[in-house]
Amino acid sequence: MTVTLADVAARARVSPATVSRVLNGNYPVAASTRERVLRAVDDLDYVLNGPASSLAAATSDLVGILVNDIADPFFGIMAGAAQTQIGGPGDGSGRAGGEKLAVICNTGGSPERELTYLTLLQRQRAAAVVLTGGAIEDPDHQAAMAAKLAKLADAGTRIVFCGRPPLPEGDALVAALAFDNRGGGRRLTEHLISLGHRRIGYVAGPPERTTTRHRLEGHREALRDAGLDAEGGDGEGGDGERLTVHGPYDRRSGYEATLDILRREPGITAVVAANDTVALGACAAVRDQGLRIPQDISVAGFDDLPFSVDAVPALTTVRLPLFEAGARAGRLAMGKENPPPGGIATIAAELMIRGSTAPPRVG
């Protein structure tokens, strides 16, 4: 049943005109009254039908792209690529064709902000929403996301995941383009093991993220298959767990976590980082300890961000086709491309071997 402005007014115990003033923001309203109205809007999940008020079922020319941090090249590349497809064919004349207005929503990694942006896009009757990057693995948040995305889909919004797996429940998606983070993590560690490394530190991302879990699972699988991650007799985890430190996906985390790992185990010969930005921090920590890369310690990253090949030495990493995935997500959001079978596509990760990894020094 559609919630009306009158329903919100009754819930907030004000007149419909007061609700309209609060939502339009064009008339002074007492702070306590405003708070009561906004609480009623949230409680009832009321959707303001803005410029499409005469077309209840219509969507707007707006497309939302949700990112954790637009300053992070991982998200910036995907968002920029998606926008190239969302902008439409445009002939440079300034006339409207099939173009849509892409709006970047920077969540800062906050699950609350993610839901808030989805609510705002729902109120604007967005034509499509593209959600990029790993998801939060919290059951309550996942349930809230599934419910919110279902309402968006029911209103005609096309929903595409780019770089994240589908939710455990919910079928509101047009498509989910998921990177093979687990396979990439496994191949990266297998590469180091094949060189002769046996004591490998791991700087992981935030533990609640799907990307973190999948990359770490691939790393641990490679260690176990090589007999390097068996549990100790006292029930404690093996080296893979003991030599893993979690933190944000940023350079500072890579620096501090690598120092921590070196203090725990001075004999490590390699460090795997959660992504290339973290790997830069790891490299700085290694050098600040008077060690050389790769002669003393090998360092590897993940994502193959543009700067990785220009690092000194160039960074061994796992390439994810970020631009290609973002462009495909944009086409799916615009209905320019048919969804993959079952709505889910796994995008392969490619190992890029460069100068930052080498066999460990003997003696």
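Predicted model: local features only at pLDDT ≥ 70, side-chain atom pairs only at ≥ 80, totals over all residues.

Guide: Residues are numbered from 1 along each chain as its sequence is written, and side-chain values use heavy atoms, with hydrogens and water left out.

Visitor: What pLDDT does the protein chain average?
Guide: pLDDT is the predictor's confidence in each residue, from 0 to 100. Here the chain averages 89, and 89% of the residues score at least 70. Over residues 90–97, though, the pLDDT is below 50, and this stretch has one contact beyond near neighbours in sequence (contact means heavy atoms within 4.5 Å).

Visitor: In what order do the six strands of the open sheet run?
Guide: Strands are DSSP runs of E, at least two residues long, and helices are runs of H or I, at least four, numbered from the N terminus. Two strands pair if DSSP finds at least two bridges between them. The order here is β2-β1-β3-β4-β5-β11, with parallel pairing. β2 (101–106) and β11 (344–347) stand at the edges with a single partner strand each, so one side of each has no neighbour in the sheet.

Visitor: Which strands does helix α5 touch?
Guide: Angles run from 0 to 180 degrees between N-to-C directions, using lines fitted to C-alpha atoms, for helices over the stretch in contact. Helix α5 (residues 111–123) touches β1, β2 and β3, and its direction makes about 175° with that of β1. Helix α12 (residues 322–334) lies across β3, β4, β5 and β11, at about 170° to β4.

Visitor: How many residues line the second largest pocket?
Guide: On a 1 Å grid over the protein atoms alone, a pocket is an open set of points where a 1.4 Å probe fits, with protein on both sides within 12 Å along at least five of seven lines; lining residues have an atom within 4 Å of a point. This pocket has 19 lining residues, with Asn 68, Asp 72, Phe 75, Pro 206 and Tyr 249 nearest its centre. α4 (73–86) and α8 (210–225) are the elements giving two or more residues to that lining.
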